Amino acid sequence: MLQRKNIIIILLVILTACTSSEIENNEQWYYEELELKELWSYSKGDSQTIAIIDTGISKYGKEVYADRIVDTYNSIDGSKDVTDEHGHGTEMVSIASGDGRDGVWGGAPKSKILVIKAIGDDGKEASHSIEKAIEYAISKKVSIINMSFGTFKKDDKIEKLIQLAIKKGFYR
């Protein structure tokens, strides 16, 4: 179990640089390169719920993944509106769980998705919205928390929340 979750986490990071909306015989180059078929012989993520903490998801993305989005939360304003006008969050959802629609394959195409908007449409984030997002993901007991962004600033509270998530069993 540990190895499969680690593989999915690694794929989420690698696929960030590999996603394309073009279909190449229904398989992008990374499909074979990363041996997704072999990964999927172990799991397609159907037992996993992935919290994507990012800029949200587009209206089209919400339609595409409607059958797998289990919840939404906007940690910026406390609402359920996670409309993504930036695009990055939508890309991360597709990388994690793309199921071949529009030629995008993800590492866990059958996973459930918790979309959390913690980054504004301008691409800027505030520590308090990231903190609330992590707390929300922990409260929902997701399997994986994905945050595909970074900073050069140290934030003790965010660091403690990440440690709490690990302690509670995420990424095991």
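Modeller: In this predicted model, helices and strands are DSSP runs, a helix needing at least four residues and a strand at least two.

Colleague: In what order do the elements of the protein run from the N terminus on?

Modeller: The order is α-α-α-β-α-β-α-β-α-β-α. That gives seven helices and four strands.

Colleague: Why is strand β1 called largely enclosed by the rest of the structure?

Modeller: Buried means under 20% relative accessible area. Six of the six residues of β1, residues 49-54, are buried, so the strand is largely enclosed by the rest of the structure. For the protein, buried residues make up 47% of the 172 residues.

Colleague: Which way do the residues of β1 point?

Modeller: T49, A51 and I53 point one way, while I50, I52 and D54 point the other way, and all are buried. In a regular strand the side chains alternate between the two faces of the sheet.

Colleague: What makes β1 and β3 a pair?

Modeller: Two strands pair if DSSP finds at least two bridges between them. β1 and β3 (residues 112-117) have six bridges, in the parallel sense. Within β3, I116 is the bridge partner of I53.

Colleague: How do you know that β1 and β4 pair?

Modeller: The cut-off is at least two bridges. Strand β4, residues 144-146, has three bridges with β1, again parallel. I145 in β4 stands opposite A51.

Colleague: What share of contacts in the protein join residues at least 24 apart?

Modeller: Among contacts between residues at least 6 apart in sequence, the share is 77%.

Conventions. Residues are numbered from 1 along each chain as its sequence is written. This is a predicted model: local features need pLDDT of at least 70, side-chain atom pairs count only at pLDDT 80 or more; totals for chains, interfaces and linings use all residues. Side-chain values use heavy atoms; hydrogens and water are left out. Buried means under 20% relative accessible area, exposed over 50%, partly exposed in between (1.4 Å probe, protein chains only). Contact means heavy atoms within 4.5 Å.
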